[in-house]
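Trainee: I am new to this structure. Can you show me how to read its features, one by one?

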Amino acid sequence: MNSLISDAQKAGERVGLKSDTIVINGGKPLRGAIVVRGAKNLATKAMVAALLGETPSVLRDVPDISDVQVVRGLLEVYGVKVHDTASGEMTFDTAKVESAHFSDIDAHAGASRIPILFCGPLLHRLGEARIPDLGGCRIGDRPIDFHLDALRAFGAVVSKGVEGIHLTAPNGLKGANIELPYPSVGATEQVLLTAVRAEGTTELKNAAIEPEIMDLIAILQKMGAIISVEPNRVILIEGVDRLEGYTHRALFDRNEVASWAAAALVTGGDIFVQGARQVEIMTFLNVFRKVGGAFDVQETGIRFWHPGGNLKPVTIETDVHPGFMTDWQQPLIVALTQAHGTSIVHETVYENRFGFTEALNEMGANITVHKSGLPDHPRRVARRDFEQAAVITGPTKLHGANIYVPDLRGGFSHLIAALSAEGQSVISNVGIISRGYEHIIEKLAQLGADFVYEG
Ligand code: EPZ
């Protein structure tokens with residue numbers, strides 16, 4: 001490296017850097033401190049909850065990510081006045097919630113799954129809801145069947161047409177007895193956001209109990225809701241006539257914390273994650289320690305580092321809370337490519353979440369994905385009717401590669417693999433990572449990564 005131009009910059013000039021692409025010069029430990037703010041998977045839901053309040057709501061620590069912008073845009077379509085500050089405080093004034101033209105709603109199609117959660121609040125406020133196409137695919141029953149079945153149980157009438165899904169509630173929404181086929185995070189949120197203002201009591205069985213769900217319940221309680229979390233995944237909600245606005249600081253982003261922890265381990269670095277708390281990520285911390293990572297829980301955050309010595313292999317299953325989250329396996333797998341021995345990761349939440357390992361193999365990893373699982377290693381909890389396992393044999397030296405980022409968590413894993421690899425990597429479609437990782441490029445720079453980025 002000469003005095004001012006890094007190796008990554010030189011490489012960027014050589015390849016003629018295209019937009020949305022990052023060139024990384026690997027092999028440099030990430031060191032320093034970064035701040036993690038509110039969770040993507042809470043803040044976006046809290047924004048939807050604001051629709052239920054008759055008075056303004058204030059949400060603090062809102063991350064500057066594109067998913068938040070999608071939800072903000074949709075709230076504004078319905079007349080909610082949104083105001084934000086540079087410090088991440090957002091105010092939602094719901095005094096004039098009004099019906100929207102489908103073309104305005106549809107402008108937000110395909111960008112996020114959150115719009116499905118507008119159903120209950122819109123039915124309560126406006127008597128009808130129109131939901132645009134989610135995540136780019138045509139809306140079919142399957143991926144949102146738990147949501148629609150729950151809404152029907154409350155008395156909603158659901159019809160599907162060229163203009164997405166249309167819901168009405170001709171006889172109002174009434175409390176219901178609902179048992180989810182699986183403790184789905186989104187479907188649990190759907191029930192909560194609908195039941196709080198439905199007439200009568202709702203009993204939800206087999207509910208998700210992730211910390212983000214508990215934080216949403218805390219918000220709804222501040223608004224005036226009556227919700228009790230009972231043993232064995234049962235939640236009881238007594239409907240009320242009116243909800244007020246809330247003031248709340250969003251729960252920190254557990255997925256981002258786990259991602260930076262893995263980044264410290266993978267690159268042999270040392271990262272202090274300000275804003276991280278212990279209790280909500282205990283399951284992750286156990287695995288991090290078993291693999292050979294070190295951490296220190298401090299008052300304002302958690303420090304993660306590679307203490308030296310060999311990393312050790314592990315066998316884990318992803319699961320619903322309090323299990324090991326599906327969103328944590330991708331960055332961890334990059335660390336497992338450096339463990340001495342064979343690790344196994346069973347993915348039990350999603351049917352197909354190992355696609356990102358192909359790029360890791362191109363970089364030199366030794367990962368075999370078993371699409372029908374491993375008969376010799378049955379899962380501890382068989383919640384779903386599919387089996388999927390990745391077998392990672394290490395340690396393997398990683399080298400730079402050209403990678404197209406497929407999705408949010410997979411993309412972060414590719415980034416940290418490239419940061420630890422020997423040589424240069426050119427990673428494109430990086431923008432997708434900013435859907436869920438706030439100021440990712442600035443944070444990489446703060447941690448001393450050698451890269452050049454074209455936005
Ligand atoms: C949330 O997705 C998160 N997304 C996901 O994070 C996270 O991986 C997931 O919960 C599990 O913790 C948001 O909060 C925005 P689910 P969600 O309903 O609510 C099936 C990330 O990277 N299912 O708990 O959509 C579904 O296909 C994202 O931040 C149905 O079959 O997840 C999946 O296999 C990715 N029908 C399983 O349940 C339904 O109607 C769990 O999904 C709903 C879900």
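Trainee: How many cavities of 30 Å³ or more does a search of the whole structure find?

Mentor: Keep in mind that this is a predicted model. The search of the whole structure finds 1 cavity of 30 Å³ or more. The largest cavity has a volume of about 30 Å³.

Trainee: Which residues line the largest cavity?

Mentor: Its lining includes Ala39, Lys40 and Asn41. Glu212 is there too, along with Asp253, Arg254, Asn255 and Arg409.

Trainee: On to the domains. Where are they in the chain?

Mentor: The domain assignment puts domain 1 at 2-36 + 252-453. Domain 2 covers 40-249. Between their centres, taken over C-alpha atoms, lie 31 Å. The contact draws 20 residues from domain 1 and 16 residues from domain 2.

Trainee: How do I read the size of an interface?

Mentor: It is often given as the accessible area lost when the parts come together. Here, domain 1 and domain 2 bury about 1500 Å² between them. Carbon and sulfur atoms carry 45% of that area.

Trainee: Last, the nonpolar cores. How many residues has the largest one?

Mentor: The largest nonpolar core has 77 residues. Phe92, Phe118, Leu167 and Leu220 have the most contacts inside it.

Trainee: What is Phe92 in contact with, leaving aside its neighbours within four places in sequence?

Mentor: The list includes Met47, Ala50, Pro56, Ser57 and Leu59. Phe92 is also in contact with Leu75, Val80, Lys81, Val82 and Tyr246.

Definitions and conventions:
Residues numbered from 1 in each chain as written. Predicted model: local features only at pLDDT ≥ 70, side-chain atom pairs only at ≥ 80, totals over all residues. Heavy atoms only, no water. Core = buried A, V, L, I, M, F, W, Y, C linked by side-chain atoms within 4.5 Å. Buried < 20%, exposed > 50% of the residue type's maximum accessible area, 1.4 Å probe, protein only. Contact = heavy atoms within 4.5 Å. Domains from an automatic or database assignment. Buried area = accessible area lost by both parts, 1.4 Å probe. 1 Å grid on protein atoms, 1.4 Å probe; cavity = no way out; pocket = protein on both sides within 12 Å on 5 of 7 lines; lining within 4 Å. Points joined across faces, edges and corners; volume = space filled by probe spheres on them.
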